[in-house]
Amino acid sequence: MGSSAAPESTRGSLPRVVAASLIGTTIEWYDYFLYGTAAALVFNKLFFPNTDPLTGTLLSFLTYAIGFAARPVGALVFGHFGDRVGRKKLLVVSLLLMGGSTTLIGVLPTYSSIGAAAPVLLTVLRLVQGFALGGEWGGAVLLVSEHGDQRRRGFWASWPQGGAPAGNLLAAGVLSLLTAVLSEDAFLSWGWRVPFLLSAVLVGVGLWIRLAVDESPLFKQALAAQQQRKTVEQPPLVAVLRNHWREVLVAMGARMAENISYYVMTTFVLTYAVTHAHFSKQTALNAVLIGSAIQFALIPLFGALSDRVGRKPVYLVGAVGVGIWAFVFFGLVDTRSFGQLVVAVTVGLVFHSAMYAPQAAFFSELFATRMRYSGASIGAQFASVAAGAPAPLIATALLKDYGNATPISVYVAIAAAITVLAVLCGRETRGSDLADVEAAVEAEGAAVAAKPATA
């Protein structure tokens with residue numbers, strides 16, 4: 001039988017768990033977005049100097065996209081062990097991997113020092129970043145979702161989602177500050193390394209906070225129940241594909257518009273604004289800073305709204321909105337007005353927030369406890385390979401081939417249509433008791449096991 005409220009001790013610890021998840025995800029997204037921002041602004045000159053600027057940016061975004069290829073691997077590995085040994089342990093590992101690889105990028109020799117080995121090493125470190133992030137997201141949102149109760153799960157689970165705009169805000173802010181105080185030569189020589197080296201300090205803070213939180217009570221209950229049954233469990237991946245394959249497809253489809261629109265409107269826009277609309281790097285970064293700050297404030301509001309009206313209505317508003325806004329977005333950037341650039345990015349991120357905020361609770365409520373880390377992570381991270389990974393690369397290639405942004409807007413609109421279809425095919429999960437999801441899957445498994453074998 002499910003319980004409608006969390007135990008008193010759990011409710012009391014919830015703000016601490018939320019803070020630990022938010023700070024941890026902020027640091028991990030800072031590391032991840034720092035790479036994307038640097039790829040858009042400086043890596044083409046540092047690691048691919050023997051090409052024209054747009055081709056260099058394409059190659060730079062290619063190394064950026066390769067990191068996404070490692071995210072499904074991270075989802076499988078971290079999901080498996082997170083469902084077997086717990087969420088907290090795996091979140092500590094992911095933070096160490098992400099922070100270590102980011103710090104090493106800060107001391108990496110460039111092409112002028114070691115030639116072709118430089119982009120190769122950069123790519124390897126990017127793969128480690130992707131592997132770590134593939135395991136981070138699922139664990140962070142589940143730790144909060146499984147500590148809270150069903151009435152306000154959308155609100156509380158949305159806070160770790162705030163780590164994405166907060167990390168982007170921090171990454172863009174540090175780079176914006178450095179470009180403002182350093183000359184172009186100084187920034188290319190050594191200034192770009194400072195934000196990457198700063199990651200070592202941030203990881204220390206994140207570990208100190210993350211190690212202080214408790215393991216998910218739902219996970220501990222599910223683990224104890226399984227140990228009492230003394231049965232051999234299926235690997236989480238097998239269990240997910242057997243019991244939750246429809247939910248995995250819904251989660252993957254739901255991520256298409258959310259992922260593609262975000263990377264087009266926060267990463268690719270830096271390249272577009274600088275090379276096509278002729279903004280300065282700092283001006284483009286400042287627009288993303290303002291939009292990210294507003295998005296950070298909006299995410300918990302949209303999460304709370306999903307507790308009142310449902311996950312699907314809020315998500316659908318975001319998907320439809322971003323599909324339409326894509327055709328307005330680039331026209332505003334092309335005006336070469338800073339105010340219009342800010343409006344373009346900010347409104348795009350408002351629609352993105354309507355999808356991103358309820359996503360944590362929505363995906364958590366789709367899967368049973370002992371396969372939830374795997375299910376949520378697989379659904380989210382496998383979609384990122386087809387969505388976020390190639391988004392800046394495809395947008396840059398479309399701009400190079402067609403010379404205008406209309407094909408990019410069509411690309412985002414197609415992604416929005418896929419997301420609308422996926423969300424409509426999913427069930428409404430608002431108010432779901434996570435323990436009831438577990439019980440339903442166990443009952444289904446027992447029914448299957450009770451069927452007589454056929455010759």
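**Helix packing, a surface patch and a salt bridge**

Let's start with helix H12 (residues 236-243) and helix H13 (residues 245-276), whose axes come within 5 Å and cross at roughly 90°. Helices here are DSSP runs (H or I, at least four residues), numbered from the N terminus. The axes are lines fitted to C-alpha atoms over the stretch in contact, and angles run from 0 to 180 degrees between N-to-C directions.

A word on the model: it is predicted, local features need pLDDT of at least 70, side-chain atom pairs count only at pLDDT 80 or more, and totals for chains, interfaces and linings use all residues. Residues are numbered from 1 along each chain as its sequence is written, and side-chain values use heavy atoms, with hydrogens and water left out.

Back to H12 and H13: Val240, Leu241, Arg242 and Asn243 of H12 make the contact with Trp245, Glu247 and Val248 of H13 (contact means heavy atoms within 4.5 Å). By type, the residues of this contact are four nonpolar, one polar and two charged. Ala, Val, Leu, Ile, Met, Phe, Trp, Tyr, Cys and Pro count as nonpolar, Asp, Glu, Lys and Arg as charged, and the others, Gly among them, as polar.

Leu241, which sits in H12, also belongs to a nonpolar surface patch of about 600 Å², together with Val73, Leu76, Val77, Phe81, Val85, Leu237 and Phe382. Patch residues have over 30% relative accessible area and no salt bridge, with nonpolar side chains (Val, Leu, Ile, Met, Phe, Trp, Tyr) joined within 5 Å and like charges within 9 Å. Areas come from the Shrake-Rupley method with a 1.4 Å probe, and for residues only the protein chains shown count as cover. Helix H3 (53-85) gives the most to the patch, with five residues.

Next, helix H14 (residues 281-309) and helix H15 (residues 311-334): their axes come within 7 Å and cross at roughly 130°, which makes H14 oblique to H15. Phe302, Leu305, Ser306, Asp307 and Val309 of H14 meet Arg311, Pro313 and Val314 of H15.

H15 also packs with helix H19 (residues 406-425), at an angle of about 170° and with the axes 8 Å apart. The two are therefore roughly antiparallel to each other. Their contact residues divide into 16 nonpolar, three polar and one charged.

Finally, the structure holds six salt bridges (a side-chain nitrogen of Lys or Arg within 4 Å of a carboxyl oxygen of Asp or Glu). One of them joins Glu184 and Lys45 (3.3 Å, N to O). Glu184 lies in helix H9 (residues 184-191) and Lys45 in helix H2 (residues 43-47), so the pair ties together parts that are 139 residues apart in sequence.

Conventions:
Angles under 35 degrees count as roughly parallel, over 145 as roughly antiparallel, 65 to 115 as roughly perpendicular and the rest as oblique.
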